[in-house]
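Subject: Handover of a two-chain model

Hello,

Please find the structure below, for you to take over from here. After it come my notes on what was found.

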Amino acid sequence: MSARSARARRGWAPLLLSAALLGAWELYADASGVEEDLLPAPHAVAAALWNNAGLVWHNFAVTAEQVVLGLALALASGFALAVAIHLFPLLRRAVYPLAVGSQAVPIPVIGVLLVFWWGFGIFPKLAVIALICFFPVVVSTVDGLAAVDPEQPKLLRTLDASRWQAFRFAELPAALPAALSGARIALAVGVIGAFIAETSTPTTAAYSGLGREIMTDAGGFQTARAYAATAVLFAFAIACFYALGLAERKLVPWKLRPRGETT
Amino acid sequence: MATELQSRARPVIRRSAGEDAVSLDAVSFAYPAAGRGGAVQALEQVSLRAAPGELLAVVGPSGCGKSTLLELICGLQAPDAGRVACAPAVLMPQRDLLLPWLSAVDNAALALRIARLSRAEARQRADALFAELGLDGFQHARPHELSGGMRQRVAFVRTLLSGKPLLCLDEPFGALDAITRGEMQEWLAGTLAREPRTVVLVTHDVEEAVLLADRVVVLSPRPGRVLAQFEVELPRSGTLLGGHPDGHRQAGDGPRQRTDPRVIALREQALSALGTGARG
């Protein structure tokens, strides 16, 4: 009845669904006779994770760092580009088509070039993640900046606000919720972005991460371990998403109205 | 003090606004053609003036160019023809446009922040005015927690704190229910008694104009032309402010009553000028 118990019930829903899906997967893998190298059963994946915890953890740390820093770069550059596009309409015409086109560039084509520029370390990977993730941030932030009430600039002008003050007091905060929506989308593709970054740029062992591990395992009859690593990426993406939700509560508290849920 | 906007068509150079806080001479304005439609003539040969401290009400049907008139007075638009000379003016738009991420007091203090006062100083000055105008206790409410009437009050305090001598109010109570509107009219009259300003009040409510204004200008449907102009020779309200009977006007300056025969007569006069008949 209370809000708290309702929230607790909602909290159970994803766990129940996950358990049901895992159960179905287990039954299918055991009963259908599918090869273990093709589809390992959940218990085999769990065992592989347990037995290779050290290796997976090490690679996960590498990948997690790339995801977090790469997303930070994507959000910062996407937001900055959106603001520039908003303030200089000519830039919008010039940049928008290129930004859209950039999303079609197959990363392996430029992977080697990025390494040539920035070496075998983390920077080429961050650039790839940022390239994959910045676009939704740009689009939603530009829309958010433009969605300010058309009367608002008139009011601010009669209050003697400069262009910068109108931006600082009205447009910027108004665009924040939209920017965060863009960030959510960016975040959802951020983890696979890291996978692409790792597997399409030549690298040293220190920066190989889960992506390299998964590719090696999947090609080397270590399917259960590949699935174990995938499960870690899966969980990490969810954790990042909820972390952003918490940040949203701090950043845009005025958007949290009693009616309607924010997830 | 006066800002002057020359006509785009025939620049007329006159630097002084003379005695008037608002002075419009034969002002015309058209919105440029949008899409296939021709240009929309919003105002035609409008002349009006307001002395400092006067409350001028502009009434007219919807779409008669009332909001355009305020934009011209505020310098947001330049006239196509004619001359606009006004004291520095601040706009209170139809919707309150309070910023949802700021508390009521911070919204009211927006102009002070724009004038580069520190947050604390701006808040302190807005806070003092809140107390004076019967808004005590609402300082820290977010806009969505306030009623429509309260939001308009906060928006009005924001307008006052701009420090400009001329306030342009665009249908400030248009979206409120009748009871709240009546309360707000009294509050506005009381507030202006404490914080005297020149006011141009745009409204489609003839009664509101007669209850609040020193002078009423009646505009025609688009393109807006001045149909009639008359003085309201009744004292303006000086007391009645959130239940504080200590207003500094003389006793007996109660608010004008809508049942007062003189108010009714003026209302009829304005309505017949509008051509809507005696009981429009």
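Predicted model: local features only at pLDDT ≥ 70, side-chain atom pairs only at ≥ 80, totals over all residues.

Residues are numbered from 1 along each chain as its sequence is written, with chains lettered from A and ligands numbered from 1 in the order in which they are written.

Chain A

In chain A, α3 covers residues 53-87 and α6 covers residues 123-146. Their axes come within 6 Å and cross at roughly 40° (axes are lines fitted to C-alpha atoms, for helices over the stretch in contact, with angles from 0 to 180 degrees between N-to-C directions). Sorted by class, the residues in the contact of α3(A) with α6(A) are 20 nonpolar, six polar and one charged (Asp, Glu, Lys and Arg are charged; Ala, Val, Leu, Ile, Met, Phe, Trp, Tyr, Cys and Pro are nonpolar; the others, Gly among them, are polar).

Chain A as a whole has 10 helices and zero strands (DSSP runs numbered from the N terminus: helices are H or I with at least four residues, strands E with at least two). Read from the N terminus, its elements run α-α-α-α-α-α-α-α-α-α. The C-alpha trace of chain A spans about 75 × 60 × 30 Å along its principal axes. Of the 263 residues in chain A, 34% are buried (20 or more other C-beta atoms, placed from the backbone, within 10 Å of the residue's own; 12 or fewer is exposed, in between partly exposed).

Chain B

Chain B holds an open sheet of six strands in the order β6-β7-β8-β4-β9-β10, with mixed pairing (two strands pair if DSSP finds at least two bridges between them). At its edges are β6 (89-92) and β10 (226-231) of chain B, each pairing on one side only. From one strand to the next the twist averages 15°.

Going along the sheet, β6(B) runs parallel to β7(B) (residues 166-170), with four bridges between them. B:Val90 has B:Leu167 as its bridge partner in β7(B).

Strand β4(B) (residues 55-59) is largely enclosed by the rest of the structure, because five of its five residues are buried. Both faces are covered, with B:Leu55, B:Ala57 and B:Val59 buried on one side, and B:Leu56 and B:Val58 on the other. Five bridges join β4(B) to the parallel strand β8(B) (residues 198-203), where B:Leu201 stands opposite B:Ala57. Another four bridges link β4(B) to β9(B) (residues 215-219), which also runs parallel to it; there B:Val59 faces B:Val218.

Helix α1(B) (residues 66-73) has seven of its eight residues buried, so the rest of the structure largely encloses it. Those buried in α1(B) are B:Lys66, B:Thr68, B:Leu69, B:Leu70, B:Glu71, B:Leu72 and B:Ile73. Just after α1(B), B:Gly75 has a positive phi of about 80°.

Regards
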